[in-house]
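Visitor: Please show me the model, and let us then ask on what grounds its features receive their names.

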Amino acid sequence: MSDLQIEEATLDEAVAELSTLHDWLRWTTSQFASSGIFFGHGTDNAWDEAVSLLLPALSLPVDAPKELMHARLTSTEKNQLAALIAERINDCTPVPYLTNIAWFAGMPFYVDERVLIPRSPFAELIANKFAPWLEQPQSVNRILDLCTGSACIAIALAQAFEDAQVDAVDISYEALEVADININDYLLGERVLPIQSDVFSGVPGQKYDLIVANPPYVDAEDMADLPREFHHEPELGLASGHDGLDVTRTILDEASEHLTDNGLLFVEVGNSMVHMDALYPGAPFEWIEFEQGGLGVFVISKAQLDAYFAK
């Protein structure tokens, strides 16, 4: 629970006395800053959090022209905003679940509490077409997005590799319903295929030039310490055993069978990277350094997988 619950009388006062969008942005920023809520689902400060909630709630772009800041709001709009602000503070509901909009790789996606809110550093890798590890992007014909969730990574991959087929797999049927919404919104139904699959179980015998995996990777200690906002997200998409690597073990055990001869595997394990050396001593994982922030992503080739696991 946040440190400070917002009272109904405070909300009523705001509805009665605040007139313009600028008034509401300033007041909401103050409320967010003093409430003790956690910023970590697309923003890192109270002002950006207020912008990302209020403007989409009013069907306005987050980069709306400054002239709109002086526009007066109707009573209905003010009451709508007050209800959303109360839910953000009192229930610690992340903004993307209140607006049903999350951004990834510069693109908006529909999200709700059936899927994790996108926040992966994979966006930077996709923008660079996985250079320098992937030497011939034009040769990529088939891509697998493991643990696809909202399908934001799969869709960004399809946009970057315009000739490739992308299989978007997830163990959760509910997540795949959200993935389907986004695939249809981007008119990619012919190239991005949502598949129910427990890791590789739903794609037997299939081989890919590129496998991108963003599995659950939060270890038991971190799960116990997560801010309340994260408990709105499906635990199935976060927790992965004591060391956070239960799903990653399966990926590494089976990935070689599903990679073409020159295939590459990229896996995000976040903070659980600290457990990888003990689990796989001497493994040839290359940990990627990101210019735009983020950590815990490694790359390994089929040849390296075969050599290491044949030992």
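**Grounds for the terms**

Guide: Just after α4, Cys92 takes a positive phi of about 55°. The model is predicted, so local features need pLDDT of at least 70 and side-chain atom pairs pLDDT 80 or more, while totals for chains, interfaces and linings use all residues. Residues are numbered from 1 along each chain, and side-chain values use heavy atoms, without hydrogens and water.

Visitor: How do you know that the span of helix α4 agrees with its number of residues?

Guide: A helix is a DSSP run of H or I with at least four residues, and its expected span is 1.5 Å times one less than its number of residues. Helix α4 has 16 residues (75-90), so it should span 22 Å; its end C-alpha atoms are 22 Å apart, which agrees.

Visitor: Which residues of α4 are called buried, and what covers them?

Guide: Buried means under 20% relative accessible area, with a 1.4 Å probe and protein chains only. Among the buried residues of α4 are Lys78, Leu81, Arg88 and Asn90. Their cover includes α1 (8-17), α2 (21-35), α3 (46-57) and α5 (95-99).

Visitor: What separates domain 1 and domain 2, and how many residues does their contact take from each?

Guide: An automatic or database domain assignment sets the bounds, giving domain 1 (8-99) and domain 2 (114-310). Their centres, taken over C-alpha atoms, are separated by 34 Å. The contact (heavy atoms within 4.5 Å) takes twelve residues from domain 1 and eleven residues from domain 2.

Note on methods:
Helices (H or I, at least four residues) and strands (E, at least two) are DSSP runs, numbered from the N terminus. Buried means under 20% relative accessible area, exposed over 50%, partly exposed in between (1.4 Å probe, protein chains only).
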